[in-house]
Amino acid sequence: RQLAVALGNPEMQPLDLSGRSDVVAPEYDYASLLTMATLQHTDILDAQNRISQAQTNYVLQTRIPRSDIQVNNSHQFDNATSNYQFGLQVGMAIPVSDYNQGNIRSARAQIVSSNRSLEASRYDIQTRFSEAYGRYELNLRLVKSLHDAVIPNLTQAYQGTVQRYQSEPEKVSFSDIVVSQLNLSQVLQNYLQAIEGQWQAVVDIGSIVQLDDLYLESPPELPSNEEKSDDSP
């Protein structure tokens, strides 16, 4: 019901789950996904937008002391001389003591702060992505190792113990079967935990990189040049 509400369809009826938890997980490349996250994440775009706003505000504050030129014109007819008289006035305010220095310095500081915020966002994304990718890589290898080697070997050992107990009960005790079964059960439990950890890491990676599809057929197009984010106004 919570999922239905999140999808915007509270009246949706429950459906049978599809797929399997032990299907092959998507293959992710660390470098390309990290580049995507540090270029296209909404936190990065938001920080870059704040830098642009700060730079625009700085330009505005530097131009405020430069007053606009005011132009007035007039014309009138002189009855005494029977001619037209035209007048033109051009003027502007000259700042003597108020050069808007406080706002200019504040705007410059805001640019520096916005750039530092952008760097902090990148570091935060990189840290979270690296942690999730580490879990993904670890559990991916663990699932493969357990599935391909450990579980088949322990299953074969368990079956062999049962067969030996049936054929040679004087050499194999029932406790040997119990121990073998417990070992296999523990490995199966570890396998399920590894699958859970693998898919949790996949979902976390997709959330951090903001992927539309966890299975990437081809990497999305990335911006050719990263937006400049130095501390200059």
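A residue counts as buried when its relative accessible area is under 20%, as exposed when over 50%, and as partly exposed in between (1.4 Å probe, protein chains only). Welcome to this predicted model, where local features need pLDDT of at least 70, side-chain atom pairs count only at pLDDT 80 or more, and totals for chains, interfaces and linings use all residues. Residues are numbered from 1 along each chain as its sequence is written, and side-chain values use heavy atoms, with hydrogens and water left out.

**Helix α2**
- In α2, the buried residues are Leu 33, Leu 34, Met 36, Ala 37, Thr 38 and Leu 39.
- These buried residues pack against α3 (42–63), α4 and α5, contact meaning heavy atoms within 4.5 Å.

**α2 with α4**
- Helix α2 (residues 30–40) packs with helix α4 (residues 101–167) at an angle of about 145°, and their axes are 10 Å apart.
- On the α2 side, the contact is made by Tyr 30, Leu 33, Leu 34, Ala 37 and Thr 38.
- On the α4 side, Arg 122, Ile 125, Gln 126, Phe 129, Ser 130 and Tyr 133 take part.
- The residues of this contact comprise seven nonpolar, three polar and one charged; Ala, Val, Leu, Ile, Met, Phe, Trp, Tyr, Cys and Pro count as nonpolar, Asp, Glu, Lys and Arg as charged, and the others, Gly among them, as polar.

**α4 with α5**
- The axes of α4 and helix α5 (residues 174–209) cross at roughly 160° and come within 7 Å.
- α4 is therefore roughly antiparallel to α5, a term for angles over 145 degrees.
- The contact of α4 with α5 has 29 nonpolar, 12 polar and four charged residues.

Key:
Axes are lines fitted to C-alpha atoms, for helices over the stretch in contact, and angles run from 0 to 180 degrees between N-to-C directions. Helices (H or I, at least four residues) and strands (E, at least two) are DSSP runs, numbered from the N terminus. Angles under 35 degrees count as roughly parallel, over 145 as roughly antiparallel, 65 to 115 as roughly perpendicular and the rest as oblique.
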